[in-house]
Amino acid sequence: MNTARKDLTSEHNAIQIALNILENIIEKLKKDDEADIKDINDLLDFLREFADKCHHGKEEGFLFPALEKAGIRKEGGPIGVMLQEHTKGRNLIKEMQKNILNDLISKTGFIAAASDYVRHMRAHIEKENAVLFPLIETRISVSEQNELLENFENHEEKFIGQGRYEELHVLLEKFEDKYLKQRDMFWTLKSDKITHMI
């Protein structure tokens with residue numbers, strides 16, 4: 001059975017995959033490999049739509065107000081910190097986009113902004129998973145948690161459109177196949193070769 005906490009944690013897992021893909025793209029750019037501008041733009045769209053508009057939208061529109069109502073402080077508390085971090089994430093996505101013009105990418109600027117974004121979002125996700133999300137089950141009643149989940153589902157349809165949530169997951173899977181599975185296969189083959197040599 002899905003719950004509000006599971007829904008948000010599952011989205012964190014998807015965002016972590018997107019961060020791994022972005023990290024792979026950063027490594028390619030550092031090695032002066034050919035940059036696929038379309039893939040980079042599509043990944044930035046994913047981060048804007050899924051990570052920010054959808055996921056952060058659920059937190060800001062529903063979770064944070066519910067936690068505030070349950071007595072968790074916004075100003076000077078964890079909610080205020082998370083809101084500041086959401087803003088920083090948005091600004092870093094804008095910074096990455098600023099370094100792409102038509103089919104050209106300013107590698108130095110993009111790599112700096114993308115690297116900052118990966119570090120920032122990993123730390124942010126860790127804080128939410130460890131500090132904020134456990135409060136859903138300890139501070140919010142079961143009926144309110146069910147209402148949260150219903151609001152999350154309505155938010156997906158209203159703000160990113162019917163079927164778009166699924167389309168974004170398909171895009172992520174495509175990128176996972178292209179950028180991560182080939183890398184994993186390379187390291188598996190390489191470690192098998194080393195083991196064989198020993």
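**A first look at this predicted chain**

N99 counts as buried because its relative accessibility is 12%, where buried means under 20% relative accessible area with a 1.4 Å probe and only protein chains counted. This is a predicted model, in which local features need pLDDT of at least 70, side-chain atom pairs count only at pLDDT 80 or more, and totals for chains, interfaces and linings use all residues. Residues are numbered from 1 along each chain as its sequence is written, and side-chain values use heavy atoms, with hydrogens and water left out.

**Around N99**

- You will find N99 in the loop that runs between α3 (78-98) and β1 (100-101).
- A polar atom of the N99 side chain lies 2.8 Å from the backbone oxygen of E95.
- Setting aside residues up to four places away in sequence, N99 touches L104, I105, S106, G109 and F110, with contact meaning heavy atoms within 4.5 Å.

**The chain as a whole**

- Seven helices and two strands make up the secondary structure; helices (H or I, at least four residues) and strands (E, at least two) are DSSP runs, numbered from the N terminus.
- Starting at the N terminus, the order of elements is α-α-α-β-β-α-α-α-α.
- Along the principal axes, the C-alpha atoms fill a box of roughly 55 × 45 × 35 Å.
- Of the 198 residues in the chain, 41% are buried.
- Take the contacts between residues at least 6 apart in sequence: 84% of them join residues at least 24 apart.

**The nonpolar cores**

- The largest nonpolar core holds 39 residues, and I21, L22, F46, L47, M96, F110 and Y117 have the most contacts inside it.
- At least two residues of this core come from each of α1 (4-30), α2 (37-69), α3, α4 (107-132) and α7 (164-197).
- Apart from this core lies another, of 15 residues, including L8, F64, I79 and L148.
- A nonpolar core here is a set of buried Ala, Val, Leu, Ile, Met, Phe, Trp, Tyr and Cys residues joined through side-chain atoms within 4.5 Å.
- In soluble globular proteins, nonpolar side chains tend to be buried together.
- Beyond its neighbours within four places in sequence, M96 is in contact with L22, L44, L47, F110, A113, A114 and Y117.

**Around H56**

- H56 sits in helix α2 and is buried, because its relative accessible area is 4%.
- Not counting residues up to four places away in sequence, H56 touches A51, H86, R90, M121 and H124.
- H56 and L83 are 27 residues apart along the chain, and their C-alpha atoms are separated by 9.0 Å.

Terms used:
Buried means under 20% relative accessible area, exposed over 50%, partly exposed in between (1.4 Å probe, protein chains only). A polar contact is a pair of N or O atoms within 3.5 Å; within protein, one must be able to donate a hydrogen and the other to accept it, and residues adjacent in sequence count only if both atoms are side-chain atoms.
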